[in-house]
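I opened this notebook page to look up charged side-chain pairs. My plan was to list the pairs, then place each partner.

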Amino acid sequence: MANPAVGRWSRRFAAASAWFLVAVAGARLAGAGQRAVVTLALFGVAFHMVFGKAYLLVPSYFERVLAAERTPAAHFALSVTGTLALAVAAAEPSDRATLAALGGVAWVSGVALFLGSLAWTLRDNPTGSATGTGSARATDRLDRFANAFVPVSLAYLAVGSYAVLARVTTLPTLLDGYPPRATHLLAAGSAGLLLFALGSRLVPRFLGGDAPLAFAAALPAGAVGPALIALSLGSGWPFRLGAALEAAALVAFAVGYLRLFRDSPTARIEGESPSRRVGEYGILAGVVSGALAALVGVRFAVVGLSPALLAVHRRLALVGFLGLSIVGFAYQFYPPRMGDFRGGSDRGAFVTIGLLAGGLAAECAGLLVGDEMVRSAGVSLFLAGALGYAYVLTRVLVEK
């Protein structure tokens with residue numbers, strides 16, 4: 001069992017992730033540049049939830065206990081500081097080189113603590129042959145298969161973080177230092193693959209069904225695709241192959257989730273009629289967004305880049321697939337009905353998911369048709385949903 005202090009810091013990472021989602025919407029509404037928004041969405045929203053839950057889930061899924069239990073506290077300070085510094089510096093990169101370098105050092109220092117603590121914890125079970133499952137043999141086989149991809153995700157995190165640091169310091173860059181290469185390594189290779197690996201274990205248990213074969217198929221494709229995309233971004237057969245593999249992974253995971261969502265029994269809540277847990281709808285919106293992002297990405301590989309579609313792809317991948325999935329998993333781990341406060345209910349949480357998903361859809365539609373009013377309306381809806389989500393989750397975490 002994890003140390004209670006680790007659980008407390010895990011909740012603080014989750015709360016930070018929620019408020020970074022508010023910052024993403026606010027930055028978009030204020031017209032902040034692409035790099036600043038990507039930094040807030042990827043480093044702030046996605047990785048703060050990844051870090052917080054990984055400190056708890058990865059050791060337990062490898063049948064271990066986190067060895068360096070003081071690491072999350074130091075990592076939290078470095079991670080928040082690094083994310084904010086990099087985001088602010090990205091708004092005016094020519095004027096804030098020192099701030100960017102400090103942010104990169106803080107971010108990578110936190111990542112080093114994170115990776116070092118997990119490496120030491122898993123040193124005698126690096127591939128996850130011991131799963132901590134204690135269930136049927138078939139489930140244990142799938143758990144071992146999913147565990148094997150966790151180190152691959154962590155390797156992507158190490159390489160992608162070095163690429164970020166090299167871009168803002170004098171260290172040798174990876175390839176040409178083109179920022180989207182690091183973004184794909186971190187977003188698809190690290191956060192996305194870890195979502196596949198941990199989700200393959202979590203989702204069947206959340207929904208009460210057997211893990212579909214599609215989850216297993218998503219893992220190897222999701223492990224290879226990001227590397228090919230990052231190395232050959234924009235041209236050549238490696239780029240097309242990487243896009244096809246990443247699309248296959250996203251679609252396979254979405255198909256597997258949809259099948260479980262359709263077939264799963266509804267949860268029975270004491271004193272209420274049968275109903276689904278609200279977090280399931282957030283994950284549903286996330287995986288559908290991921291499948292759409294995959295289709296747009298394949299179009300890039302086959303037809304070529306389009307500025308409008310590139311913006312839509314970025315929104316669907318970072319804010320849709322990663323962001324909405326994280327919202328769903330957060331509501332699964334920390335059910336809103338646990339809170340004794342106004343809005344602390346599944347109905348209130350469902351409204352926040354609807355605002356987030358509807359706002360993202362409207363923004364993407366506005367980008368596609370070139371209508372700034374529709375785009376701004378979508379961002380405003382998304383901001384309202386983000387504020388509601390951050391409020392509900394923070395109140396639940398405080399009461400917990």
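My entries on salt bridges follow.

I worked from a predicted model, where local features need pLDDT of at least 70, side-chain atom pairs count only at pLDDT 80 or more, and totals for chains, interfaces and linings use all residues. Residues are numbered from 1 along each chain as its sequence is written, and side-chain values use heavy atoms, with hydrogens and water left out.

I looked up the total: ten salt bridges (a side-chain nitrogen of Lys or Arg within 4 Å of a carboxyl oxygen of Asp or Glu).

Entry one. I found arginine 64 paired with aspartate 124 at 3.0 Å, N to O. Arginine 64 sits in the loop between α2 (34–61) and α3 (71–91), and aspartate 124 in the loop between α4 (97–121) and α5 (137–147), so the bridge ties together parts 60 residues apart in sequence. I took helices as DSSP runs (H or I, at least four residues), numbered from the N terminus. I read arginine 64 as partly exposed at 23% relative accessibility and aspartate 124 as exposed at 53%. My cut-offs were buried under 20% relative accessible area, exposed over 50%, partly exposed in between (1.4 Å probe, protein chains only).

Entry two. Aspartate 143 bridges to arginine 205, also at 3.0 Å, N to O. Helix α5 holds aspartate 143 and helix α7 (residues 179–207) holds arginine 205, so parts 62 residues apart in sequence are tied together. Aspartate 143 is buried at 1%; arginine 205 is partly exposed at 43%.

Entry three. I noted arginine 375 with glutamate 372 at 2.9 Å, N to O. Both lie in helix α13 (residues 372–399), three residues apart, about one helical turn.

Note on methods. Helix = DSSP H or I, 4+ residues; strand = E, 2+ residues; numbered from the N terminus.
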